[in-house]
Amino acid sequence: MTHDEILKALFDETLVGNAPEVLRLTQLGIEEGMTPSSILFDALIPSLEEVGARFERGDFFVPEMLISGKAMSGALNFLRPLLALTGAQTVGTFLMGTVKGDVHDIGKNLVNIMLEGAGFEVIDIGVQVAPEKFVAAIQEHKPDIVGMSAFLTTTMPMFKVNIHEITKAGLRDQVIIMVGGAPVTQEYADVVGADGFAADASTAVRVAKDLIQKRRALVTF
Amino acid sequence: MHTIVKSATRSLTIGHDQPFCIIGERINPTGRKKFQEQLRAGDLSAINKDVADQVAGGCNMLDVNMGVPLTDEPVLLAKAIKLIQTLTDLPICIDSSIIEALQAGLEAYEGKALVNSVTGEDERMEIVLPLIKRHGAAIIALPNDETGIPATVDERLIITEKIMRTVEKHGISLDNLVIDPLAMTVGADPEAVKITLETIYQIRQRWGLNMTLGASNISFGLPHRHALNAAFLPAAMSAGLTSAVMDGRTAQIVDAVRAGDLLLGLDPWGGNWISKFRAAQLAQAAATAEAQHQ
């Protein structure tokens, strides 16, 4: 197979969520002398972008998104050490958790998949994440973005509590904060003082990228 | 085990020897942007149609949730309940995760309500159960605790048993406890519905408790949801589910439940099934006559 054929096959097999084949092609690509970042940026990420676009249009459904994500994750686990060796930069680091009092994780996991698919390094700290745990995780991982998920109108107020704790710890300026979950609206996100909100997983990726770009532009100038 | 709920004038029995109890899910602003805006502006008029549609659809009970962010949910819920009780005599399932809203709803409600819901978390049970006891209501309880939604049947059963002990400790009899065995989408986990069905079966066999769940959850993220919901409900009924918070406006789904009643011996000699058929036949004939007349 030529490099182009491998890239094309990787794109197609990721799209249909064929995990064993995606891993095999990834390993084959490396054996054939392709760079890990070419495999990532020229096949896997575009494929997940296509998954996201189809999902947004209503042409793809949750299980399809999940298996595509799983297929990509398998390849990513293989590529990660190689990417680290070559010093390839990630799009950004995203720390993600469901707020305290809330155990829902399906939406959060979908967003994680789409973020990973877009090249983010995702650190998932699970459900029932207390404010102090968010703070500790920010100190440990130094993420670009902190994402908070809440599924209930009762647990949504934790956004505000968390943001308050993050501010109190002096970390608010170091991170972008995004919120989401079934009952969350843009208006609510504004009220609690979040930087970003998205109603679905693929929009979340777009918002995350935009916010990081804006932040980096500010830093540069 | 019979769970009895009441409106001001009507009594409804939920049990394994009763026709399935359809609790209409529609009066809920989650995912209904326009309804949210109306509620935020204090406009409850959309509820009139929701009630009418669900009564016409064949619901036995109506779930009422007023979870709109940035509003005074207790006040809104109390207002909605008062309004609904002027529109229908179906008993109401008071739905909120905010304790103050449950309290306001119970105070506004005339009859014996079903409250949706409490989790198996000690802290929550210690606040909600005295409220249930004081109002003589029935309570839906979810077998999940501080650690999250249990992935296995055994974990759900262990928490169910803990809930039963706590409920009894508060002087509430087990017939006023309705367990929600937790329905999650099969779209995110191929085993999700199997685990729910097995949990239902075990709870029925071990304790004979009444159960309910959010039936529409099982098809989240999938196409052609009505067909999935319609297939799920009779299977869950057969395992021992006695009610569901569900789509009570879609004939395909309601018919599946009523067919389940008949097939499982809960509608002896097809009394309900046949009279529903006849009513539809009569309505059809009347419509045809009307059309010919014109």
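Visitor: How far apart do the C-alpha centres of domain 1 and domain 2 of chain A lie?
Guide: This is a predicted model. The domain assignment of chain A places domain 1 at 3–86 and domain 2 at 93–220. Between the C-alpha centres of these two domains of chain A, the distance is 25 Å.

Visitor: Which helix gives the largest share of the side of domain 1 of chain A that touches domain 2 of chain A?
Guide: The contact takes 15 residues from domain 1 of chain A and 11 residues from domain 2 of chain A. On the domain 1 side, helix H3 (36–57) and helix H4 (62–86) of chain A each supply at least two residues. The largest share, 9 residues, comes from H3(A).

Visitor: How many residues on that side of domain 1 of chain A are nonpolar?
Guide: By class, the side of domain 1 of chain A that touches domain 2 of chain A includes 3 polar and 2 charged residues. The number of nonpolar residues there is 10.

Visitor: What span should helix H9 of chain B have, and how far apart are its end C-alpha atoms?
Guide: Helix H9 of chain B has 13 residues, 251–263. At 1.5 Å a residue these should span 18 Å, which agrees with the distance between the end C-alpha atoms, 18 Å.

Visitor: Which elements do the buried residues of H9(B) pack against?
Guide: The buried residues of H9(B) are Ile253(B), Val254(B), Ala256(B), Val257(B), Arg258(B) and Gly260(B). They pack against these elements of chain B: strand S3 (21–27), helix H2 (46–57), helix H8 (225–239), strand S10 (243–246) and helix H10 (271–293).

How values were computed
Residues are numbered from 1 along each chain as its sequence is written. Chains are lettered from A and ligands numbered from 1 in the order in which they are written. This is a predicted model: local features need pLDDT of at least 70, side-chain atom pairs count only at pLDDT 80 or more; totals for chains, interfaces and linings use all residues. Domain bounds come from an automatic or database domain assignment. Two residues are in contact if their C-beta atoms, placed from the backbone, lie within 7 Å. Helices (H or I, at least four residues) and strands (E, at least two) are DSSP runs, numbered from the N terminus. Ala, Val, Leu, Ile, Met, Phe, Trp, Tyr, Cys and Pro count as nonpolar, Asp, Glu, Lys and Arg as charged, and the others, Gly among them, as polar. The expected span of a helix is 1.5 Å times one less than its number of residues. A residue is buried if 20 or more other C-beta atoms lie within 10 Å of its own, exposed if 12 or fewer, and partly exposed in between; C-beta atoms are placed from the backbone.
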